[in-house]
Amino acid sequence: LANSLSSMGEMLEARRLQENVLEGRKRVLGEDHPHTLSAIKSFRSTLEVMGEVEKAAQLSQDFYRLLPLCLRKMSSSIRGEDLEVHDALGLLEVVLV
């Protein structure tokens, strides 16, 4: 929905929605979850388009700080057989794409 709002030029509404999604994912999933990292990337992109470069830069720093934690967590889940390999690869794609 936020991407659609953004493409329609509704940047303030897209920003608000992405910020809410990010905060919700942090609260529910944790900050190092792949879906939270994906939300960080989306929100960062919107902020860059809006010219909020300092906030976008902070989110980039957060993303790269959290990425190794996310990958370690995914790796231990695979070793613990809580997560199938194809599921882990799908989550990795969400984070990196």
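This is a predicted model: local features need pLDDT of at least 70, side-chain atom pairs count only at pLDDT 80 or more; totals for chains, interfaces and linings use all residues.

1. Helix α2 covers residues 11–29, and its 19 residues reach 26 Å from the first C-alpha to the last, which is close to the 27 Å expected at 1.5 Å a residue. The helix is followed by G30, whose phi is positive, near 100°.

2. The buried residues of α2 are M11, A14, R15, L17, Q18, L22 and G24. As a general point for reading such a list, an α-helix has 3.6 residues a turn, so residues three or four places apart point the same way.

3. Q18 deserves a separate look: because its relative accessibility is 6%, under the 20% cut-off, Q18 counts as buried. Its side chain makes a polar contact of 2.4 Å with the side chain of T46. When neighbours within four places in sequence are left aside, Q18 is in contact with A2, N3, S42, F43 and T46.

4. The largest nonpolar core has 13 residues, and those with the most contacts inside it are L22, L37, I40, F43, L47, L59 and F63. The elements that give two or more residues to this core are α3 (34–49) and α4 (53–79), and α4 gives the most, with seven residues.

5. Within that group, L59 may be followed individually: not counting residues up to four places away in sequence, L59 touches L22, I40, F43, R44 and L47.

Definitions and conventions: Residues are numbered from 1 along each chain as its sequence is written. Side-chain values use heavy atoms; hydrogens and water are left out. Helices (H or I, at least four residues) and strands (E, at least two) are DSSP runs, numbered from the N terminus. Buried means under 20% relative accessible area, exposed over 50%, partly exposed in between (1.4 Å probe, protein chains only). A polar contact is a pair of N or O atoms within 3.5 Å; within protein, one must be able to donate a hydrogen and the other to accept it, and residues adjacent in sequence count only if both atoms are side-chain atoms. Contact means heavy atoms within 4.5 Å. The expected span of a helix is 1.5 Å times one less than its number of residues. A nonpolar core is a set of buried Ala, Val, Leu, Ile, Met, Phe, Trp, Tyr and Cys residues joined through side-chain atoms within 4.5 Å.
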